[in-house]
Amino acid sequence: MIAVLGVVIVLLLAVIVWQYQNSRKASNDLRYMHDKLSSIMEEGSHERLLLFSGNLELQSVLIDLNRLLDINHKGSIERVRLEKSMRNMLSNISHDLKTPLTVVLGYIETIQQDEHLPAGERERMMKMIHQKANEVIQLMNKFFDLSKLESGDREIALSRVEAGEVCRRNILSFYDILSAKGSEVEIEIPDEAVYFMGNEEALDRILSNLLSNAISYGDAGGVLGLKLYSDENKVYIEVWDRGKGISEVHQDKVFERLYTLEDSRNRAYQGSGLGLTITKRLTEQMNGMITLVSQPYVRTVFTLTFRRLRF
C-alpha cells in the first residue's frame with residue numbers, strides 16, 4: 001500500500017513538474033512574441049515571428065499574427081507609393097496650372113503697361129489670354145471628372161451599345177487631321193453589328209483620347225489602326241500605331257494619375273497626365289478592361305475588352 005502511494009506521489013510530482021515546465025515555456029513564448037512584436041512595430045522592420053511550438057493554439061495565433069504583419073507590410077509599401085504619387089501629382093498640378101497662368105499674367109502686364117500697343121497686337125494677346133484661361137478651366141474640369149469617377153459620385157448609365165457604329169464615328173472625326181499628317185489608316189470593323197453593355201458617350205471619350213494619343217505620339221510610324229473584333233463572350237477594340245511607343249518600364253504606370261514623362265503618352269489633354277487615367281476609370285465603370293502592349297516602332301496597342309451581348 002505504501003509502495004503504491006509512493007508511486008502515485010511520484011507521478012503527481014512528475015505531472016506538476018511537466019505542467020510547470022509547459023507553463024514556463026508558454027510564458028517564455030508569449031514574452032518572446034510580445035517583445036518581438038514591439039520591436040517590429042517600433043522599428044518598422046519586415047521581420048516575422050519565428051517560434052517552434054507544439055502548442056496548436058499558439059501555432060494558430062502565430063500564423064494569424066504573421067498574416068497581420070504581412071498585411072501591415074503591404075499597407076506600408078502602398079502608403080509610401082501613394083505618398084510619392086501624391087507628391088508627384090501635386091508637383092504636376094502646380095506646373096500645369098502655373099504655366100498657362102504665367103502666360104496670362106505676362107500678357108496682362110504688357111497690355112496694362114504699354115499704352116501705345118497696336119490694336120492688332122492687343123487683340124492677339126487677348127486671344128492668347130482667352131485660350132490659356134480656357135486651358136486652365138478644361139484642366140480643372142478634368143480633375144473634377146476624375147475625382148467624381150474615383151469617388152463613385154458619377155455613375156454611368158449602361159445600355160446596349162453597337163461598338164461598330166461608335167468606332168466608325170470616332171475614326172471619321174479624326175479624318176482631316178490624319179489626312180493633313182499624311183498618315184496611313186488601317187480600319188478593321190466588321191459589317192455585322194457587335195453589341196456590348198456600355199455607354200456611348202463614355203466610349204466616345206475613350207476612343208477620342210486613344211486616337212488623339214496615337215496621332216500625337218505615334219505619327220512617326222506613319223500608320224494608325226483601329227480594329228474591332230469579338231469572340232463568343234468578349235468584344236475587343238484595338239487602337240494601335242507604329243510610333244515611338246512606351247518603354248516596358250513605364251507601361252504599368254501610364255494609367256496612374258498625372259504620370260507624365262517625356263516619352264510617356266500619358267501627356268494627353270495638354271499634358272495634364274489625366275487622359276489615360278480617365279480612360280481607364282471610364283472603361284472600368286462599363287465593367288471593361290484596358291491593356292497596353294508596346295514595342296517601340298513596331299506596334300503599340302491599347303486594347304479595350306468588354307462583355308459581349310448577343311441581342
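Student: How many bridges pair strands β6 and β7, and in which sense?

Tutor: Strands are DSSP runs (E, at least two residues), numbered from the N terminus. Two strands pair if DSSP finds at least two bridges between them. Here β6 (residues 289-295) and β7 pair over seven bridges, in the antiparallel sense. One of the partners is valine 293, which bridges to valine 301 in β7. This is a predicted model: local features need pLDDT of at least 70, side-chain atom pairs count only at pLDDT 80 or more, and totals for chains, interfaces and linings use all residues. Residues are numbered from 1 along each chain as its sequence is written, and side-chain values use heavy atoms, leaving out hydrogens and water.

Student: What lies between β6 and β7?

Tutor: Three residues, and the two strands form a hairpin. Tyrosine 297 in the turn has a positive phi of about 60 degrees.

Student: Which strand is joined to β7 by eight bridges?

Tutor: Strand β5 (residues 234-241), running antiparallel to β7. Tryptophan 240 has valine 301 as its bridge partner in β7. Strand β3 (residues 195-198) also pairs with β7, antiparallel, over two bridges. Tyrosine 195 stands opposite leucine 309 there.

Student: How many residues of β7 are buried?

Tutor: Buried means under 20% relative accessible area, exposed over 50%, partly exposed in between (1.4 Å probe, protein chains only). In β7 (residues 299-309), nine of the 11 residues are buried.

Student: Why does serine 183 count as buried?

Tutor: Because its relative accessibility is 19%. Serine 183 sits in the loop between α5 (175-181) and β2 (184-188). Beyond its neighbours within four places in sequence, serine 183 is in contact (heavy atoms within 4.5 Å) with Leu178 and Gly222.

Definitions and conventions: Helix = DSSP H or I, 4+ residues; strand = E, 2+ residues; numbered from the N terminus.
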